Amino acid sequence: MLAAAQRRLAAEPADVRDRVRLVRGSGEDAPALTRGRRFAAVLCHGVLMYLSEPAPMIEALCACTVVDGIVSVMALNAATLAVRPALERRWDDARAAFHARGECGVLGLDTRADTVEELSGLFADRGVRPLAWYGVWLFTDWMTLDDGDDGDDEDDEDELTRIAEVELEAGRRDPYRRLSRVFHLVGRG
Ligand SMILES: C[S@@+](CC[C@H](N)C(=O)[O-])C[C@H]1O[C@@H](n2cnc3c(N)ncnc32)[C@H](O)[C@@H]1O
């Protein structure tokens, strides 16, 4: 991931490159790695599911955020773990998933799931007020989105724009957002 970030950064203009520093380390150690500096927005997306428990990471994220700053996490949704095995016709796995707190994820690794309520509680315990939560990839999680390579980049861009519009609407309203496999929680410190 750091190598991918490095490649993308190299393609950015100098004023962007100059504002970014990549640091290798555990998120839980972020306050020390950034030497106590606090940030207006602290994001941790797609990482909590790989940790045995969320609290130390949430603690670190909150500690890195300025007063009135934003903390943003994306996590695996413990409330919807039956959806993926069911759509893949793994019925025994789907039945077991109603009582599970994790799954073997899309990368083939064991993952752990969270709930909006529990993470909101961890935010609140550290003085971060939960502001909003969203469902993520409600529809597109279940599609193969290859570019088809028909050569028409304009059509691809147009479809991406329309996908984003639909996902955003679904992601911010019930009952759709509740069915998402991943959720996005935003709080203010
Ligand atoms: C699925 S990727 C998500 C990457 C990126 N945030 C994104 O949204 O595309 C998960 C990443 O979490 C990293 N990771 C796992 N445990 C971590 C930890 N304790 N602290 C920081 N990163 C961690 C892994 O190395 C991997 O790069």
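**Exercise 1. Find which residues make the nonpolar surface patch of about 430 Å².**

Step 1. The patch is made by Tyr50, Val106, Leu107 and Leu109. Patches consist of residues with over 30% relative accessible area and no salt bridge, where like charges are joined within 9 Å and nonpolar side chains (Val, Leu, Ile, Met, Phe, Trp, Tyr) within 5 Å. Accessible areas come from the Shrake-Rupley method with a 1.4 Å probe, and for residues only the protein chains shown count as cover.

Step 2. A word on the model: it is predicted, local features need pLDDT of at least 70, side-chain atom pairs count only at pLDDT 80 or more, and totals for chains, interfaces and linings use all residues. Residues are numbered from 1 along each chain as its sequence is written, and side-chain values use heavy atoms, with hydrogens and water left out.

Step 3. Now look at one patch member. Val106 lies in the loop between strand E3 (102–104) and E4. Helices (H or I, at least four residues) and strands (E, at least two) are DSSP runs, numbered from the N terminus. Val106 has a relative accessible area of 60%, so it counts as exposed. The cut-offs are: buried under 20% relative accessible area, exposed over 50%, partly exposed in between (1.4 Å probe, protein chains only).

Step 4. Compare Arg95, whose place is in helix H6 (residues 91–97). Arg95 is exposed because its relative accessibility is 58%.

**Exercise 2. Decide whether Thr111 is buried or exposed, and list what it touches.**

Step 1. Find Thr111 in strand E4 (residues 110–112).

Step 2. Its relative accessibility is 11%, so Thr111 is buried.

Step 3. Leaving out residues up to four places away in sequence, Thr111 touches Met49, Tyr50, Leu76, Arg101, Gly102, Glu103 and Gly105. Contact here means heavy atoms within 4.5 Å.

**Exercise 3. Describe the largest nonpolar core.**

Step 1. Start from the rule: a nonpolar core is a set of buried Ala, Val, Leu, Ile, Met, Phe, Trp, Tyr and Cys residues joined through side-chain atoms within 4.5 Å.

Step 2. The largest core has 21 residues, and Leu48, Ile58, Leu61, Val73, Leu119 and Leu185 have the most contacts inside it.

Step 3. Two or more residues come from each of strand E1 (39–45), helix H4 (55–63), strand E2 (65–76), helix H7 (116–125) and strand E6 (182–188).

Step 4. Another core, of 7 residues, lies apart from this one; among its members are Met49, Leu76, Ala82 and Ala97.

Step 5. Zoom in on Leu48. Beyond its neighbours within four places in sequence, Leu48 is in contact with residues including Pro54, Met57, Ile58, Arg112 and Asp114.

**Exercise 4. Count the salt bridges and examine some of them.**

Step 1. A salt bridge is a side-chain nitrogen of Lys or Arg within 4 Å of a carboxyl oxygen of Asp or Glu. By this rule there are 15 salt bridges.

Step 2. Asp114 and Arg112 meet in one of them, at 2.8 Å from N to O. Asp114 and Arg112 are both buried.

Step 3. Glu88 pairs with Arg90, with the closest N and O atoms 2.7 Å apart. Glu88 is partly exposed, at 40%, and Arg90 is partly exposed too, at 30%.

Step 4. Salt bridges also link Arg84, Glu88, Arg90, Asp93, Glu103, Asp141 and Arg181 in a network.

**Exercise 5. How many disulfides are there, and how far from Cys44 is the nearest cysteine sulfur?**

Step 1. Look for a pair of cysteine sulfur atoms within 2.5 Å, which is the rule for a disulfide. A search of the whole structure finds 0.

Step 2. For Cys44, the nearest cysteine sulfur belongs to Cys64 and is 11 Å away.

Step 3. Cys44 is buried, at 6% relative accessible area, whereas Cys104 is partly exposed, at 45%.
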